[in-house]
Amino acid sequence: MPTEPTPGEDPLRHLFDEHADEPSESRPLSRRERRMRENASSDAADDAPAADGDAATTDSAHEAPRDDAGESAPSEPVTSSFDLLVSQTVAEDRAARRRRRGQASSEKPKKRSSVILWTVLPLIVIAAIVASGFYVWNTFEPQIRSVMGWQEPIDYEGDGTGETLVVIAEGDTGSDIAATLAESGVTKTSKAFYQLLLTQEPEPTFQPGTYSLKKKMSAQAALTALLDPDNKVERTALIREGITGETILQRLSEATEIPLDELREAASDPTAFGIPETAPSIEGWLFPAVYQFEPDMSAHDVIQTLVDRMFQALDEANVAPENRETVLTTASIIQREARQEDDFYKVSRVIQNRLDKGMKLQMDSTAQYGVDTGSDSVWSSKEALESDSPWNTYKHEGLPIGPIASPGDLAIDAAVNPAAGDWLYFVTVNLKTGETVFSTTNAEHEKAVEKLRAWCAENPGNGC
């Protein structure tokens, strides 16, 4: 049972004394207790302000006790339970402050990370919005302009910049020239130039040839430049695919001012240009392209330029030198018979299939070439069909003796790489669009021929 504290005894000491039931004199203080008492005494001394009077009172109140002999007895620091409680509280406060400082320091990186996140996130969102806007504009620009009424101009302004060569071929119409200018980057659209032509009185006349123009010209500036003879580049020849050697020599003579007879004489010996001896003429060996010639070039040099360019085209198509003549002969027929790009490879397949089966080619283009009537009709004349010409494939099996025109890159590639198929016949049923029907049987072919006859009856004078 708890005992009453004796006078002068600390009533709270039993709360802090681990050995309360033992006399205090019999238990020495531990190191921890001594340290706590010293800290408490030091804190109490620092926190308690003392005036002069108070100091005297304190000194007298705590005067050292004396023993029976009247001498002062050695005294130990007096530490109450309250001092221990204060000391423990101070220690806990210090520990709490250290914990708070640790928590504050651990929260700083988190705050820094949050700042970075909220700085970068808006930038990412803005970048995503801008990217989406570009995608929508690039994908739906025409629709957006139409809805918003932002119609893009169809014409440039001013006289343009830079330089480019534009070729106007013989027979080109106003719409052909307008398309050429737009494709060459001279005008912004073909529509701008063509609409301008429709307003001209009288209608302008354009001379075939090559013209030096600028990029991004207004339609009016381009028209003015084309009508100015000073912009026409001399000694330039445009050689189109599918035309004959004689026609090519005429174009070369016009461009270079070399007499036609000189060119014909030079071309009379194909071997002088590296052409095989088996070739009946220079036909088919003059590559179609746009050429510019120096003023002092001879007839031989001019022709050699075209032949060398044909050798280059054959090499690029991986045609061996010993196969050049066969490939050129096949390619020349394809060039004259096919109208649309895909049909070039199908016509090549028909030629190969008929040769493989031992069938006569029966090509109107070769029969007409053999009699040289100058007709542009798709129908072979009676004279051509009955001719003994080595180009009459209605009478002779296999390929004709040589090419019938100058083929371009597409026809050469088609001759080397025919399409897959079992067709044996073909006929163009619409000479304006170039629609062609390919058949595997003669009965199917005859039905397609009737379609061509019906078309020609409705469209006389269009190659019929």
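The following dialogue considers how several features of this predicted model receive their names.

Visitor: What makes Cys456 and Cys464 a disulfide?

Guide: Their sulfur atoms lie 2.0 Å apart. A pair of cysteine sulfur atoms within 2.5 Å is called a disulfide, so Cys456 and Cys464 receive that name. In general terms, a disulfide is a covalent bond between the sulfur atoms of two cysteines.

Visitor: How many disulfides does this rule give?

Guide: The count comes to one disulfide.

Visitor: Which hand does the link of Cys456 and Cys464 have?

Guide: The link is left-handed, with -80° about the S-S bond.

Visitor: Why is Cys456 called buried?

Guide: The relative accessibility of Cys456 is 11%. Buried means under 20%, and therefore Cys456 counts as buried.

Visitor: Is Cys464 buried or partly exposed, and why?

Guide: Cys464 has a relative accessible area of 30%. Partly exposed residues fall between the limit of 20% for buried and the limit of 50% for exposed, so Cys464 is partly exposed.

Visitor: Why is Asn318 called exposed?

Guide: Exposed means over 50% relative accessible area. Asn318 has 72% relative accessibility, and therefore counts as exposed. Its place is in the loop between α10 (299-316) and α11 (324-337).

Visitor: What is noted about the phi of Asn318?

Guide: Phi of Asn318 is positive, at about 60°, although this residue is not a glycine. Lys216, likewise a residue other than glycine, has a positive phi near 55°. Lys216 is located in the loop between β2 and α7 (219-226).

Visitor: Why does Lys216 count as partly exposed?

Guide: Lys216 has 49% relative accessibility. Exposed requires over 50% and buried under 20%, so Lys216 falls in between and counts as partly exposed.

Visitor: Where is Pro202 found, and what is the form of the peptide bond from Glu201 to Pro202?

Guide: Pro202 is in the loop between α6 (190-198) and β2 (209-215).

Visitor: What makes the charge of the patch of Glu241, Glu316, Asp409 and Asp413 negative?

Guide: Asp and Glu count as negative. Glu241, Glu316, Asp409 and Asp413 are residues of these kinds, so the surface patch in which they gather is one of negative charge.

Visitor: Why is Asp409 called partly exposed?

Guide: Asp409 has 41% relative accessibility. This value lies between the limits of 20% and 50%, and therefore Asp409 counts as partly exposed. Asp409 belongs to helix α15 (residues 409-416).

Technical notes: Residues numbered from 1 in each chain as written. Predicted model: local features only at pLDDT ≥ 70, side-chain atom pairs only at ≥ 80, totals over all residues. Heavy atoms only, no water. Patch = residues over 30% accessible without salt bridge, like charges linked within 9 Å, V, L, I, M, F, W, Y side chains within 5 Å. Areas by Shrake-Rupley, 256 points an atom, 1.4 Å probe, with all protein chains shown as cover. Salt bridge = Lys/Arg side-chain N within 4 Å of Asp/Glu carboxyl O. Charge placed at Lys NZ, Arg CZ, Asp CG, Glu CD. Helix = DSSP H or I, 4+ residues; strand = E, 2+ residues; numbered from the N terminus. Buried < 20%, exposed > 50% of the residue type's maximum accessible area, 1.4 Å probe, protein only.
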